[in-house]
Structure formats: C-alpha cells, structure tokens
Amino acid sequence: MADNLRPAFDVEAVRRDFPILSTEMNGRPLVYLDNGATTQKPRAVIDALVHYYEHDNANIHRGVYALSQRATAKFDEARLKVARFINATEPAECIFVRGVTEAINLVAMSWARPTLMAGDEILLTALEHHSNIVPWQLAAEGTGAVVKTLPMNERGELEYGRLGEFITNKTKLVAIQHVSNALGTVHDVEEIIAAAKQVGALVLIDGAQNVGHFPTDVQALGCDFYCFSGHKLFGPTGVGVLWGKRKLLEAMPPFLGGGDMIEEVTWAKTTYAPIPAKFEAGTPDIAGVIGLGAAIEYVESVVGGWDAIKQQEHALLEHATKRLSVVPGLRIIGTAEKKAGVVSFVIEDPPVSSLDIGMTLDAQGIAVRTGHHCAQPLMDAFGIPGTTRASFAFYNTLEEVDHLADALEGIVEEVRKRESLRTQSHATEVGVVAWPEPKGSSPDEAAQQLIDDFTFLKEAGEDPRDFILDLGRNLPPLPASEKNEATHVKGCMSQVWLTARRRPGTRDALDFLADSDAEIVKGLIGVLQHVFSGQSASAIVAYDVAQLLRKLDFQNLISVQRRSGVEAMINRILSIARALTKESTEDTEGSKS
Ligand SMILES: Cc1ncc(COP(=O)(O)O)c(C=O)c1O
C-alpha cells in the first residue's frame, strides 16, 4: 500500500481505548511513562476479564458440564493466540506461567539443575534484570556451574566482538534479555544465538521488554526458550508465557507437582501429563490467560500494525532524547544506536536524587520509574545508584514528553535556586561539624514538639510533606569526609550516610549526623535527629519509633519499598545506641570492681 493511502495512526483514538489514560493523578491529567514496569489495559482486556467472571467462570479441564467446557475452550483458545503471536511451531510449546520471573525459574529448576555440571558455564549479559540473574546464581550454586557476563560498552551496547571469548565449549546456556528494561538497548540477539549454536549451547531469551513493542518470531530467532509477561503486553498481571522447543520441554522434569499435571498418580509412582499440562500444576489464572488472549488480539488490531507502533514509539524516543539532552545538568544513561522507547537519566549538576525527581514529577501527574530498575549490577557498572526512567508505549504522545521535559527543567531551576541560597547561608560554616543540640529532656518530649507542629500545620491545611522536607533542608551538614563505606547505610534505595559519637561530657548520650542524596530521606533524618540527638542511648533503645512515624503519617509519605530503607536507618541508630548502652554499663561495672 502506498504510504499516503495507509490509514494514519491516530494516537487520540488509541488513547480512548485505555480508560485510565483519561483520568487524573494529583489533580493533573495522568501522564503515564512507566510502561517498562507495566502497561495500561485497553477496554477490550478489561471487558474480557469481566465477561469471563460474569458469564464463563468455572474450573477448566475438569467439569463435564457446559460451563466448564466453555471456560476450557476459551482458555485453550488463548493458547492458540499466543502461539500465533510469537510464531511458535505449536500451541503445546507455550506454557502458561505467572510471568518472566516464573518462566526463568522454571527453566533454571527443570533444565539447568538436572543438566549442568561443575565447570559448565551460563552466559548472561551486563544488563540483565535480577530475574535473569538470581535463578542462574541459584542453579550455579546447586550444580557447580559458573555464571559469566558478556560486557557492554559505555553506551549500553553489548560487546559482540568479544563473543568468541565468552561463548566457548564450556558454555551450556546463554540467557539474555531481548531489550534492556533499564536503558532500552535492543540487543542483536540473532548474532548471540548464532554464536551459541556453534558450540551447541541452548539460548533463553527474556522477551519482557520486547513483546509489547516489536513483533516476535521464535522460529525465526532460532532460540530454545522465550518468555514474556502478559502485563507488559497490555494484558493482566499474574500471567505470562514460557515457550520452549517440544523436545526440550518433554525431556525436562516437572517444575511444580499437583493437580492437572499428572497422567496417573499411585502411591508407587506418578506419571506426568504431556506438555503443556506437565508444567501447569494446579488451577491456573484462567481469567488472566483469557485476558492475555484479548490483549494479543487488541495489539494485532492496532491500525497500521507493528509498523505504526514502532514508528510512534520511535518518534517518542527521538523527541524525548532531543528535549531531555538539553535539560541543564541532565545526563542520559544508555545511548545505544538501537533503542526501544526508553530514556533513563540522572541529574548531576546539581545532583538531584531519582527519588526526589520521581516524587516531584508525581505531584504533577507524571508517573516514571526511579531507582535501580531491578538491575543493580548494571547500575554498579555505571557507578550510579539508580536512574529516573521514562518508558513509552504507543499510546503516549509528544505532548506528554513535553510535559516531562518542562517539569524536569522546572526541577533543575528550583534546585539550582535553592542550592545558591544554601551556599550563601552556609558560606561561613564550611568544614565545621555542628552536632545538633537535644530538642527535649527525653525522646518523648522532643517527639511531642514535632507532633504538635505537624498537627498544627496539617489542621491549617498545609501539605505534611512540606513539613518533613523542611526538616531535611535544615539538617546540619555532614562533612564530605564522613561519607564513606563505614558510614554508608545499606538497604536504602537512596544513598544514606550516618555517623555518631558519644556526646562529650555524658555517660551514654548519643549524637548523630546523617545525610542523603534524597530530599524526603533527609526529612526522615530530620525527624530522627530531632527525637534522638543528644538523648541517652537507653532511652533511644526504649523509644517506640514506629508509633511516632504513624503519628506523622509516614505511610502516606513514603512508598513501601522505601520503608525498608527507613528501617535500615533506624536499625543503624539502634545498634549504635545498644553498643553505647553496653559500653556505659561495662564502664560502670568496671569502676565498681
Ligand atoms: C527485562 C525484564 N526481565 C524480567 C522482568 C520480570 O518480569 P515479571 O516481574 O513480570 O516476572 C522484567 C520486569 O520488569 C523485565 O523488564
């Protein structure tokens, strides 16, 4: 068809298919740019789920009655759709699992563990998601096999020139992502598959970030296993697919045992059902599978097909790269020549933590991902704790990219203004360590002051977040020399350093200073410092911090993931306080004896 006759891709029409895209978040139109984490669901998928529960709900493969047979037929139909979608040789090679994580664990347990021997090698890449690292580390621990990683260059592209060095006769499995979730790099998996085939190694492809953005053809790829999650393909959560070659799947032992996966069970011996049932023990997510089938049909029905999807996402990537690369102080991480619609970045001048960026964007209705993106080794390779990531789907618009870029420019401008004020006000204090004074005669008294102020401001209609952020902005500075390995608090998603001392002239009072690269975490430090600084270690140990945090509405201020960081910080203070209590008791006993 000539280009001018092809129906134009109408992004507004597509957006109307996704009910959530016309909603608001924090009083602003939702700008959803976290498609790498999960995609939104079109009405067709939502309707399929509702229709199933309203009209077809019954357990599958078990009932002789019409309703069960109808549910079974719809479930089986979804498998046909999956097989067509990825061009599998046959539907039986498509196993329904919970998602990529379960698919990879299945292969690690059922293929790698019984097959690998000491000295065999599993090759991954430097960019893998934790779900394509940890299962292989576990398999390697159990078999004596060795995990190797194909390195990348500074743009986030794999070093294909070194394939000969990494794929050798020892390599038994190559497990690689198709597209990087953290950087967006599209890997040349065909070249890697060809190299693996030369030495007879199997290849597993993690297609999590491919299936919703590019067409997938497992036969053309020539890999042995391919997996994806439904929720990244506009389908429901809790369902995904492991595709594997029949010969391999037949030779592998079951992953889970239970109902539906057996041929016959006796006390003496159990025989297993043929694939795919052998790997689908128990009642599956029937509605999810049917919803996944609906998602596949939806994607296949997009006007203009894959060409239109790819073109739209490429336009978003180009526009975002152009706009973001001129935001002052911003550096894009991952600049590969072949990229999917992902822009990962850090703001370095002045440094703004990804947590702060994410929270400020959220207040403007913009949803992005922040942190290590379940790819910590990759972040380590770049020497950064994490990035902020905007990841696109074909329903995103150039205007949404503009909103993001404008908001980022606003963040940089605001932080630069604040920094210049801070530099002026601290100009005379550089190098001076100012240990804070106690804010009351006990942690309770100090806390009460904080709770009163907090309640007053809340009742006056102020944003409680501002109260906490202000505490952080007024923290006494932690000297750069105190930010080291010993003071670094592990377990926080942001960078946190904490140092303490016994307060001079006291038996067991504790002083501490801390700092973080994230404003909200600094706020938390402000709270802890207000309550604990200068207090006796035994009073600190006895104090109920959890109750204080509840009174300050912390559950609304900080995401669940960050709470483990809060705990890590509190635990560090408590362990220092316990050590100090012990020391002072020993001192007292020593002086008695
Ligand atoms: C590349 C990649 N692999 C694996 C996963 C894990 O997928 P799931 O959590 O759906 O199992 C993700 C999810 O973000 C991913 O991006």
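Guide: L183 sits in the loop that runs between β7 (171-177) and α7 (189-198), where strands (E, at least two residues) and helices (H or I, at least four) are DSSP runs numbered from the N terminus. The model is a predicted one, in which local features need pLDDT of at least 70 and side-chain atom pairs count only at pLDDT 80 or more, while totals for chains, interfaces and linings use all residues. Residues are numbered from 1 along each chain as its sequence is written.

When its neighbours within four places in sequence are set aside, L183 is in contact with L127, G156, I333, G334, A336, V342 and S344, a contact being a pair of residues whose C-beta atoms, placed from the backbone, lie within 7 Å. The chain also brings L183 and M379, which are 196 residues apart along it, to a C-alpha separation of 10 Å.

Turning to the whole, the protein chain has 21 helices and 21 strands. Of its 593 residues, 44% count as buried, and among its contacts with a separation of 6 or more, 70% are between residues 24 or more positions apart. Along the principal axes, the C-alpha atoms of the protein chain fill a box of roughly 80 × 70 × 55 Å.

Key
A residue is buried if 20 or more other C-beta atoms lie within 10 Å of its own, exposed if 12 or fewer, and partly exposed in between; C-beta atoms are placed from the backbone. Two residues are in contact if their C-beta atoms, placed from the backbone, lie within 7 Å.
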